[in-house]
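Subject: Structure handover

Hello,

Here is the structure for your files. My notes follow below it.

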Amino acid sequence: NQREPVERELIELRRDLHRHPELSGQERRTGGIVASQLERLGLKVFRAPEPGASLLGILESGRPGRTLALRADMDALSMRENPMNLTGPKACVSENNEAAHMCGHDFHTVGLVAVARRLTARKNELRGRVLFCFESGEELGLGDDARELLEHHGPVDAVYGVHIQAAYPVGTAVILDGAS
């Protein structure tokens, strides 16, 4: 099954990011990993000028069409993670006692990397452009550099933010209109 190695690789990437969380505006390691993943796909990658800042990967289909931006956040919360859950020890835990991915931003980041992989593999079926925006500093409202990257490489016809939430059943997709 060809899907299994890719799935295992993405799970390991998420666990790696979970074990090595970085606080808002300090996502140097995370940003480097994401940039490397996007460059490996052949995407153009642009970074905001500040270290540990937002970055953007651009998929050009080569055919006219709309520009769609997909966004995920990369930062962690300033807190210590409990190594236990309700059923026992967690599969992976933050190794940084001052930060933890407790809002799922490690998943958001890897989920958008997975989408970039999938869409890049199907580039010949697409029209227009897809901008993969990885936002730094969302927890502290520092995402202006992400907005500036999008504006600089726009215009953008629509922006979708990737997010997970425990309130919805597994396998459910929810699309909310407007800014949140």
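First, a convention: buried means under 20% relative accessible area, exposed means over 50%, and partly exposed lies in between (1.4 Å probe, protein chains only). By that rule Glu125 counts as exposed, because its relative accessibility is 56%.

Two notes on sources. This is a predicted model, in which local features need pLDDT of at least 70, side-chain atom pairs count only at pLDDT 80 or more, and totals for chains, interfaces and linings use all residues. Residues are numbered from 1 along each chain as its sequence is written, and side-chain values use heavy atoms, with hydrogens and water left out.

Overall picture

The protein chain has four helices and seven strands. Both are DSSP runs, numbered from the N terminus: helices are H or I with at least four residues, strands are E with at least two. In sequence order the pattern is α-α-β-β-β-β-β-α-β-α-β.

The radius of gyration is 16 Å, which agrees with the value near 16 Å for a compact globule of 180 residues. That radius is taken over C-alpha atoms, and the globule rule is 2.2 Å times the number of residues to the power 0.38. The C-alpha trace spans about 50 × 40 × 30 Å along its principal axes.

Of the 180 residues, 39% are buried. The accessible surface comes to about 10900 Å², and carbon and sulfur atoms account for 52% of it. Areas come from the Shrake-Rupley method with a 1.4 Å probe; for residues, only the protein chains shown count as cover.

Contact means heavy atoms within 4.5 Å. Take the contacts between residues at least 6 apart in sequence: 72% of them join residues at least 24 apart.

Helix pair α2 and α3

Two packed helices are described by the angle between their axes and the distance between the axes. Here, α2 (residues 28-40) and α3 (residues 105-121) have axes that come within 10 Å and cross at roughly 10°. Therefore α2 is roughly parallel to α3. Axes are lines fitted to C-alpha atoms, for helices over the stretch in contact, and angles run from 0 to 180 degrees between N-to-C directions. Under 35 degrees counts as roughly parallel, over 145 as roughly antiparallel, 65 to 115 as roughly perpendicular, and the rest as oblique.

From α2, the contact uses Thr30, Val34, Gln37, Leu38 and Arg40; from α3, Thr109, Val113, Ala116 and Arg117. These residues divide into four nonpolar, three polar and two charged. Nonpolar covers Ala, Val, Leu, Ile, Met, Phe, Trp, Tyr, Cys and Pro; charged covers Asp, Glu, Lys and Arg; the others, Gly among them, are polar.

Single residues

Val115 is also in α3. It counts as partly exposed, at 31% relative accessibility. Beyond four places in sequence, Val115 touches Leu70 and Phe132. Val115 and Phe132 are 17 residues apart in sequence, with 8.9 Å between their C-alpha atoms.

Ala99 sits in the loop between β5 (88-89) and α3. Ala99 is buried, at 0% relative accessible area. Leaving out neighbours within four places, its contacts are Pro21, Leu23, Ala76, Leu77, Met79 and Ser94. Ser24 is 75 residues from Ala99 along the chain, yet their C-alpha atoms are 9.9 Å apart.

Glu125 is in the loop between α3 and β6 (129-135).

Most peptide bonds are trans. Pro155 belongs to the loop between α4 (144-152) and β7 (158-161).

Regards
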